Amino acid sequence: GKNRRYDDIWNYPKTDVAIQLYLQTHFENCGGMLVLTHVFSFLFSTQAFPPWSYRDSRIAAPPRTRPEDRRRMREERELLKRQYEERMKEEERLQRVREEELKRQQEILLLQNLEAARRKFETQKLHLEEQLLQERQFRFETETKAEEQISRLQAEIDRLREWKMVIVSHPTVTPNKHFNQQISS
């Protein structure tokens, strides 16, 4: 039940084997009470290690190595170190190659963009020069027409002045006859 006394460690329930082994190795049964079997004493620094240091340890001490074994292990460490350094150098080299490739691709893209911008600029320049030539041609034609019209109007003004002088100087001349003569001549 709940208040079970451990009078006999050997009759401890078999389902808890780990607890039973622990109790058997560290405690002893003294009249129904469990008493700790390991008593640790205080040791001076000059004395041996406490009893639990190596005797009770389940970790085996490293085996003594021979000079050949030490040399072989050192060579293995050096080989691993060289391999690691070579891997690191290779990774650095690959990183540099990737960076150079990326830089080269960026330069190619930049040159392509520059070439496209230059072609666009040249196209716009040609278009603007063509527009400028058309505007100059249009202005020249317009100015030529305007000068011709000005010349015709000036000639008309001169004829009208002459006609006015003829009318004033010869009142018997009718404007229609004189005007018709001017037109026919």
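1. The term stands for a side-chain nitrogen of Lys or Arg within 4 Å of a carboxyl oxygen of Asp or Glu. (Buried means under 20% relative accessible area, exposed over 50%, and partly exposed in between, with a 1.4 Å probe and protein chains only.)

2. Before going on, a word on what you're looking at: this is a predicted model, where local features need pLDDT of at least 70 and side-chain atom pairs count only at pLDDT 80 or more, while totals for chains, interfaces and linings use all residues. Residues are numbered from 1 along each chain as its sequence is written, and side-chain values use heavy atoms, leaving out hydrogens and water.

3. What is the distance between the closest N and O atoms in the salt bridge of Glu 143 with Arg 139? They lie 3.9 Å apart. These two are 4 residues apart in helix 2, so about one helical turn lies between them. Is Arg 139 buried or exposed? At 51% relative accessibility, Arg 139 counts as exposed, whereas Glu 143 is partly exposed at 42%.

4. The structure holds 10 salt bridges. Have a look as well at Arg 66, Glu 68, Asp 69, Arg 72 and Glu 76, which salt bridges link into a network.

5. Some arginines gather by like charge instead: Arg 70, Arg 71, Arg 74 and Arg 77 make up a positively charged surface patch. Patch members have over 30% relative accessible area and no salt bridge, with like charges joined within 9 Å and nonpolar side chains (Val, Leu, Ile, Met, Phe, Trp, Tyr) within 5 Å. Lys and Arg count as positive, Asp and Glu as negative, and His and the chain ends are not counted. Each charge is placed at NZ of Lys, CZ of Arg, CG of Asp or CD of Glu. Arg 74 belongs to helix 2, residues 67-169, and is partly exposed at 39% relative accessibility.

6. Finally, the overall picture. The protein chain has 3 helices and 2 strands, in the order α-β-β-α-α from the N terminus. (Helices are DSSP runs of H or I with at least four residues, strands runs of E with at least two, numbered from the N terminus.) Of its 185 residues, 4% count as buried. The chain exposes about 17,800 Å², with carbon and sulfur atoms supplying 58%; such areas come from the Shrake-Rupley method with a 1.4 Å probe, and for residues only the protein chains shown count as cover.
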